[in-house]
Amino acid sequence: MTVRVRFAPSPTGYLHIGGARTAIYNYLYAKATGGKFILRVEDTDLERSKREYELKQIEDLKWLGIDYDEGPDKPGDFGPYRQSERTEIYLKHAQALVEKGLAYYDFCTDEELEAMKERAQKESRPPHYDGKWRNEQFWEEAQQKLAAGEKAAIRFKVPQKSYVLNDGVRGRVVFPEKMVGDFVLIRSSGLPVYNFCCVVDDVLMKISHVIRGEDHLTNTLRQLMIYEALGANAPEMVHVSLLIGKDRQKLSKRHGATSVTLYQEETYLPQALANYLCLLGWSHPEEKDIFTLEELISVFDLNRFSKSPAIYDMEKLKWVNGQHLRKLSNEELVAQMQTQIPEEHWYHQQTQEWKLNCMELFKEQIELYADILPHLESLKSSEIVKSEKLNDVLSWESTSQIASFLKTELSTLKEEYVTAEIVSGWMDKAKKDLGIKGKNLFMGMRVCLTGVDHGPDLKQLLPLTSIDVLRERVSQLG
RNA sequence: GCUCCCAUCGUCUAGCCCGGCCUAGGACAUCGCCUUUUCACGGCGGUAACAGGGGUUCAAAUCCCCUUGGGAGUGCCA
């Protein structure tokens with residue numbers, strides 16, 4: 001059997017990191033098995049669905065490195081791939097179920113349903129539908145009302161029996177009888193409801209494996225019933241554990257960034273986000289924690305999911321990002337920085353060589369592209385960053401000597417930038433002429449020329465700062 | 001309330017299905033040391049967990065039951 005999996009987002013907002021994670025798992029499984037990955041847009045909630053969200057989610061998916069074989073903009077043999085364009089199909093199947101006596105028309109108003117629920121609550125019964133239309137004796141009346149043009153929802157007549165699900169990660173799950181009441185298949189507006197569309201589509205699109213979040217586990221009961229009513233076999237179900245926040249609550253905006261877009265904006269690497277997301281609830285057979293999706297394809301399998309929910313930890317994501325960042329060459333880093341960093345912060349007027357040197361120097365210190373900003377800023381700043389250590393260095397007799405020495409040296413230079421050789425020359429000369437060495441020399445130089453008590457090697461750092469700025473820094477100390 | 005799911009370091013997890021190789025391994029974070037005359041990177045090491053209680057067994061993190069805790073669902077949302 002060829003594997004066909006799908007990711008079925010609702011275009012009611014931006015792509016959520018939880019959604020991105022299940023999309024990745026589906027994508028990987030398709031790739032690992034040589035199957036097909038389908039993108040299906042579940043936009044049956046007309047009120048909240050927006051085309052712009054659909055487009056944005058697709059863009060974000062692609063940004064993460066996920067591509068699909070069939071989808072709204074990639075016609076396949078099982079389209080259309082947008083549920084709003086399949087209304088007729090759902091209607092046809094729902095009517096067929098009514099004809100078979102497996103579903104029925106329901107004319108209850110919202111008020112009646114509300115009253116029904118309240119009554120059930122008062123009598124501490126489960127709030128299941130128990131309206132008259134469930135009863136076969138009214139079905140003729142229903143047909144008449146329908147013929148008269150009255151609006152009705154189509155409700156599924158839930159069989160009185162228990163269902164068993166063999167889930168790929170949960171194992172055997174038994175849903176007892178009477179767990180759910182008759183639920184709606186088609187709204188009175190004529191539009192279908194999620195659980196129904198989902199099953200009809202999964203059957204029609206020949207989906208072999210459903211990999212989705214555990215929040216759908218209880219939905220599965222309803223879906224199992226629909227598969228049965230439709231005379232179809234249910235696909236393999238794989239319910240992946242959920243992502244939660246530090247407070248163990250469902251991941252929401254107050255836990256920080258929850259949409260993929262935000263990570264783009266914060267200059268995360270797509271491969272790092274994808275990498276980290278895989279690590280939550282799934283483990284690499286060799287316990288590797290840094291990999292690309294490409295590398296994962298050959299080892300990905302459905303048996304390595306963990307059952308418990310995972311807390312989303314931004315700290316580790318950052319670390320993963322840093323690991324991926326360090327794998328990039330200086331050339332790639334420069335190219336990326338051009339697009340990731342606002343032009344006014346980036347030294348776009350600098351030579352390529354300067355930029356490459358800059359990357360070489362700072363890439364070990366950053367985890368995100370945006371982390372380069374303060375470093376870039378420090379290159380042109382003549383501000384003295386006060387600290388206890390810095391004051392100590394400034395109090396040394398040797399430091400004032402170095403300051404005036406540097407002042408003279410700098411005044412003789414015509415170039416715009418110093419070189420590593422010039423800096424070396426200063427070191428040697430200061431050692432010989434002033435008799436300063438060791439910590440006094442190095443720290444004195446550093447403080448005078450950078451205004452900071454720590455930082456990267458001076459021979460690499462100083463050539464990135466213009467001599468004018470160096471002069472300014474030194475003069476402030478003199 | 002009812003139903004379903006889950007439970008190993010602070011966090012992500014390995015081990016669990018097929019009990020003994022577990023004195024419970026790795027990673028993030030944290031702490032210390034080394035490296036770097038500074039910082040960062042890197043290297044080495046430390047602190048740190050089988051939720052609790054009962055079984056079963058020669059032997060339980062692993063199998064069973066209960067308790068507790070957490071999550072999800074209970075929509076004419078998806």
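Biologist: How many salt bridges does a search of the whole structure find?

Modeller: The search finds 25 salt bridges, a salt bridge being a side-chain nitrogen of Lys or Arg within 4 Å of a carboxyl oxygen of Asp or Glu. This is a predicted model, in which local features need pLDDT of at least 70 and side-chain atom pairs count only at pLDDT 80 or more. Residues are numbered from 1 along each chain as its sequence is written, and side-chain values use heavy atoms, without hydrogens and water.

Biologist: What makes Asp201 and Arg86 a salt bridge?

Modeller: Their closest N and O atoms are 2.8 Å apart, and the limit is 4 Å, so the pair qualifies. The two residues lie 115 residues apart in the chain, Asp201 in helix H6 (residues 194-204) and Arg86 in the loop between helix H2 (51-63) and helix H3 (87-99). Helices here are DSSP runs of H or I with at least four residues, numbered from the N terminus.

Biologist: Why is Asp201 called buried?

Modeller: Buried means under 20% relative accessible area, exposed over 50%, and partly exposed in between (1.4 Å probe, protein chains only). Asp201 has 0% and is therefore buried; Arg86, at 1%, counts as buried too.

Biologist: Which residues do salt bridges with shared partners join into one network?

Modeller: The network comprises Arg6, Arg40, Glu42, Arg86, Asp201 and Asp202.

Conventions: Chains lettered and ligands numbered in written order.
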